[in-house]
Amino acid sequence: MNFQDDSDPSQAGALVPPTVEAWVVMDPDTGLGELARQMRRSRSPVAWIRDQTGWLGSIRERALLDCILADPGWEAIPARELMSRPVMTYPATADRDPELVRALMEAEGLDYLPIVDETGSLVEVLTLAGIQADCWAAQKAQLQTLGWQMNELKAMIDAVPGMVYQFTITEQGQASFSFLSKGVLELYDCTEADVQAHPLLPIDQIYAEDRPRVMASIQEAYSTLSPWYCEYRTQTLNGQVKWVLGKSRVYQSPQQGLMWVGVVWDIHQRKQAELKLEAQKELIESIANGIPGFIQQVCWDPVSETMTLDYLSQGVEAIIAVETAEMQANCSDWTRRLVLPEYLQAATTDFFQACMVEHRHYQTDIAIRNQANEIRWLRFCAQPHVYANGWIRVNSIVLDITENVLAQQAQQQSEECFRLLAENSTSLIMRHTLDGITLYASPASETIVGCTPEKMIGQVGFDFVHPEDVADLRLRLEELLTTKEKLSHQYRLRRQDSGYIWVETTANVIQNATGQVIEIQSSSRDVTQRVKTEQELRQTSIGLRYQLEVHNARLQEALKYESLLRTISHQVRSSLNEREVIQHALEELGRGLGLNGSYFSYVTEDLTAYVVEQEWAIINHTLVGGSYPTEDGVMRQAMQGQTLYYCVLNPFVGWITLLTCPIALDDLSSPPYFLSLSRDRDNPFVPGEIRLAEQVANQCAIAIRQARLYQQSQQQVQKLQELNQMKEDFIHTISHELRTPLTSMKMALTLLKMSQTDAQREKYHQILEFEWNRELALVNELLELQALESGTRAIILSCISLTDWIPSVVSPFQLRCQDREQQFDLVWDPDLKTLTTDQFLLERVLAELLNNACKYTPPGDAITLSIVSMPVGIQFQISNSGVTIPADQLSAIFEKFHRIPRLDRYNQGGTGLGLALVKKVVEVLRGTLSVESEANITTFTVQLPSLTP
């Protein structure tokens with residue numbers, strides 16, 4: 001609030017006469033009052049009054065002043081009174097901070113504050129209301145300026161080629177954009193309102209393949225509050241895929257929560273360019289490594305006169321047998337060492353002169369001896385490029401042409417051999433283009449064709465061929481060009497005297513290094529006399545061949561039937577498998593006689609249908625297992641042992657011819673069997689085929705009888721062997737189990753007699769007692785099993801409290817498992833019902849099953865005893881891990897004397913009676929016993945009812 005007018009502030013107050021009263025006129029409500037302080041150069045008093053619209057003017061008359069001051073909206077205070085209050089010295093031309101002035105006035109408790117200048121003259125009087133108004137005006141101006149700056153900043157941000165954003169996540173997990181630039185429209189093809197409505201839209205639009213990587217980087221930045229930088233692909237709402245670069249910073253704001261401030265740039269064009277550049281680099285590298293040679297780049301510095309090898313592809317290792325790095329580090333030394341002396345100047349001096357001095361393309365062929373002591377031919381092609389600074393970069397391609405050079409040398413030798421052979425051969429040797437034009441003819445052309453070689457060269461070879469043989473010869477020529485294999489062909493060739501001769505021509509193709517056919521080489525010899533002789537013999541042999549074919553056909557048919565029968569008979573004698581013999585006979589008959597199908601079937605007991613057991617057929621539909629009705633007349637004849645030959649309508653293939661032969665068996669308990677052969681109705685069976693079918697049916701009957709007799713004998717033998725083995729196992733086991741405790745007792749008695757101390761006698765006495773109990777337990781087990789099987793063992797029922805009884809039973813096994821490092825788990829309901837049963841037998845079942853579990857469970861595995869109540873009894877389950885009983889042994893483990901020794905990890909042995917005794921006890925107690933074993937877990941389940949006394 002500066003005071004300025006057209007007067008001289010430095011003279012303010014100096015011209016006021018002592019007799020003139022100076023007044024301060026002000027508006028207390030607005031604080032716009034000013035000092036009527038100035039006296040112009042005239043001596044009359046002047047009061048300047050300012051309101052909110054500006055200066056009102058000067059008042060020179062006291063009366064007018066009094067009139068104005070009489071207005072209640074104004075206040076007039078004598079200047080002397082104001083000057084008696086605290087005064088602030090302030091330059092009249094300087095800016096004044098309204099906030100500081102207001103703080104000063106509020107601290108001093110002032111309503112008015114006079115302002116004087118450096119000379120002490122009264123310049124201005126401030127009111128508290130006016131200062132507050134000025135503060136508001138200053139704040140308003142600052143806010144307006146800040147708004148302008150924010151608008152300018154928003155305009156600049158919107159001009160950024162990307163999306164600038166401020167993303168906030170509150171402590172409650174609510175996400176929103178507190179700021180978002182207009183670049184979102186270009187990036188995602190949507191408006192700011194769309195993103196504000198769906199804050200997670202930029203995350204959802206991340207390309208599926210890049211999402212895991214981007215989300216992992218965001219999670220890391222979120223957890224560490226570190227800057228985030230990531231390149232990834234995103235999709236616009238219209239499906240377009242773009243590459244973008246995201247950069248942001250994470251802040252923790254106490255008012256707004258977690259805040260992300262960042263920008264997302266569109267880098268699609270740059271990324272596409274990078275990908276194309278990378279692809280071009282890979283392509284160049286693959287080309288460099290794929291050529292039959294290598295690429296090198298040499299740089300020449302004319303100032304220092306030094307040459308460096310900047311690049312060398314890996315192909316150099318295959319040619320020179322030197323590692324790329326070694327070759328690149330010592331290129332000059334290796335060049336002088338490898339290049340043969342006669343080519344060293346071309347590889348060094350001539351190369352330098354052409355590329356470094358004359359700046360022209362240079363190409364030469366050189367020979368080297370590589371590290372493997374091999375001579376290799378190389379074609380060296382170099383192209384220089386001169387830079388503005390005088391540097392020269394030479395790009396060179398070195399191709400391995402060893403095979404081409406060797407091929408050219410071999411070709412020269414071959415051509416020389418060919419020339420010597422052709423000039424001295426009696427056969428006509430020729431070379432032709434692919435169009436048949438003659439390139440070379442040997443001197444034998446005068447003898448065979450009657451034409452000199454010079455006249456034949458340049459002529460089309462087909463002009464000398466008989467017109468009837470031209471088409472066939474062209475086909476053979478096309479075959480030769482396609483297969484590229486040697487071709488031999490006979491045709492007629494025209495002589496110079498217009499006669500024709502027969503020639504036999506052998507032709508092959510000549511190929512270049514790339515495998516392309518370039519010409520045809522042939523050798524022809526005169527076979528006219530041989531062809532005439534062959535024609536005469538062919539006519540003579542036609543009649544003999546026909547007679548021989550008829551005789552052979554009959555003989556072959558008889559041999560065919562005999563061979564079939566011999567094959568089937570051999571199978572019958574060599575195999576005792578009924579189904580295998582029958583199937584072999586069906587297949588041999590089907591293939592040998594060209595049948596549609598052959599079937600082995602039997603008739604049902606009511607003779608109304610037949611059932612197919614085995615078949616061989618050329619159709620996909622099978623008849624095996626199907627029941628098909630029979631005709632009464634046909635079946636009656638078949639049951640009488642007659643062979644039937646008739647036509648029948650097949651629902652799958654139409655009308656067929658059917659040949660049915662009965663198979664006679666002596667076993668009256670078996671159903672009647674038949675052998676049936678089917679064929680198309682237009683292809684009937686001949687007498688030889690019918691006799692063969694009857695003989696095969698007889699062989700099948702023999703095979704069936706033999707197989708069944710063999711099966712019966714095998715079953716009897718197996719049963720006798722099992723009984724004998726059981727007896728031997730029982731005798732061996734019982735003798736061993738009975739002898740072992742007796743031996744231990746005898747030893748204990750001997751040592752007991754020899755003992756001298758009470759401790760020794762006590763020890764041997766315990767051994768004696770333990771072995772005696774063991775012997776007694778074995779005898780009791782045998783006697784108890786015998787008593788249970790004979791029914792003489794009486795059941796002694798008692799009411800058992802399982803919650804009290806179970807711990808005492810399992811306690812020894814828990815200690816035993818602990819010693820063997822096995823885990824023992826007891827799973828049961830503490831509120832188990834009581835059970836009425838034979839306590840001794842029940843304890844015997846649990847003890848035997850738990851003993852087996854401990855015996856077969858490896859260290860570190862678990863044994864689990866589960867006990868649950870059932871509506872009418874109780875269920876025990878004993879499971880142990882680490883062992884699987886083979887499936888074929890599950891049904892046999894409850895048999896007496898059966899053991900699986902390889903599962904006994906602790907070699908504890910046994911009689912093989914334990915599980916048999918368990919099974920018998922469970923049956924006596926009217927319960928059920930089952931076992932399951934798979935995936936290294938074996939579980940025995942026992943269900944026992946509560947019995948009634």
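This is a predicted model: local features need pLDDT of at least 70, side-chain atom pairs count only at pLDDT 80 or more; totals for chains, interfaces and linings use all residues.
## The chain as a whole

The protein chain has 949 residues, and 38% of them count as buried. Its secondary structure comes to 26 helices and 36 strands.

## The largest cavity

How many cavities of 30 Å³ or more does a search of the whole structure find? There are three. The largest cavity holds about 380 Å³ of space.

If you want to find this cavity on screen, look for His432, Leu473, Tyr491, Thr505 and Ser522, which lie nearest its centre among the 22 residues that line it. Several elements each give at least two residues to the lining: the helix α18 (467-483) and the strands β19 (428-432), β21 (487-494), β22 (500-511) and β23 (517-526). Sorted by class, the lining has 14 nonpolar residues, seven polar ones and one charged residue.

Helix α18 also contains Thr483. Thr483 counts as partly exposed because its relative accessibility is 39%. The C-alpha atoms of Thr483 and Val509 are 9.7 Å apart in space, while the two residues are 26 residues apart in sequence.

## Helix α14 and its cover

Next comes α14, which spans residues 349-357 and has Phe351, Ala354, Cys355 and Met356 as buried residues. These four lie on the same side of α14 because they cover an arc of only 165° around the axis. As background, an α-helix has 3.6 residues a turn, so residues three or four places apart point the same way.

What covers the buried residues of α14? The cover includes the strands β14 (293-301), β15 (306-312), β16 (362-369), β17 (375-386) and β18 (392-400), together with the helix α13 (341-347). After α14 comes His359, with a positive phi near 55°.

## Helix α12 and Leu338

Helix α12 covers residues 331-338, and its buried residues are Trp334, Thr335 and Leu338. They line one face of the helix, since they fall within an arc of 105° when seen down the axis of α12. On the other side of α12, Arg336 and Arg337 are exposed. The buried residues pack against α10 (315-320), α11 (324-329), α13 and β16.

Leaving out residues up to four places away in sequence, Leu338 touches Ile320, Ile368, Arg369, Asn370 and Gln371. Ile375 is 37 residues away from Leu338 along the chain, with 9.7 Å between their C-alpha atoms.

## Gln839 in helix α25

Gln839 is found in helix α25, which runs over residues 839-856. With a relative accessibility of 32%, Gln839 counts as partly exposed. Beyond residues up to four places away in sequence, Gln839 touches Ile796, Ser798, Ile800 and Trp805. Gln839 and Ile796 are 43 residues apart in sequence, yet 7.8 Å apart in space from C-alpha to C-alpha.

Most residues other than glycine have a negative phi. Asp189 is not a glycine, yet its phi is positive. Leu225 is likewise not a glycine and has a positive phi. The table sets out both residues.

| Residue | Phi | Loop between | Relative accessibility |
|---|---|---|---|
| Asp189 | about 60° | α5 (184-188) and α6 (192-197) | 38% |
| Leu225 | about 55° | α8 (211-224) and β11 (228-235) | 38% |

Asp189 counts as partly exposed at its 38% relative accessibility. Leu225 counts as partly exposed too, at 38%.

Technical notes: Residues are numbered from 1 along each chain as its sequence is written. Side-chain values use heavy atoms; hydrogens and water are left out. On a 1 Å grid over the protein atoms alone, a cavity is a set of points where a 1.4 Å probe fits but cannot get out, and a pocket is an open set with protein on both sides within 12 Å along at least five of seven lines; lining residues have an atom within 4 Å of a point. Grid points are joined across faces, edges and corners, and a volume is the space filled by probe spheres set on the points. Ala, Val, Leu, Ile, Met, Phe, Trp, Tyr, Cys and Pro count as nonpolar, Asp, Glu, Lys and Arg as charged, and the others, Gly among them, as polar. Buried means under 20% relative accessible area, exposed over 50%, partly exposed in between (1.4 Å probe, protein chains only). The arc is that of the directions from the helix axis to the C-beta atoms. Contact means heavy atoms within 4.5 Å.
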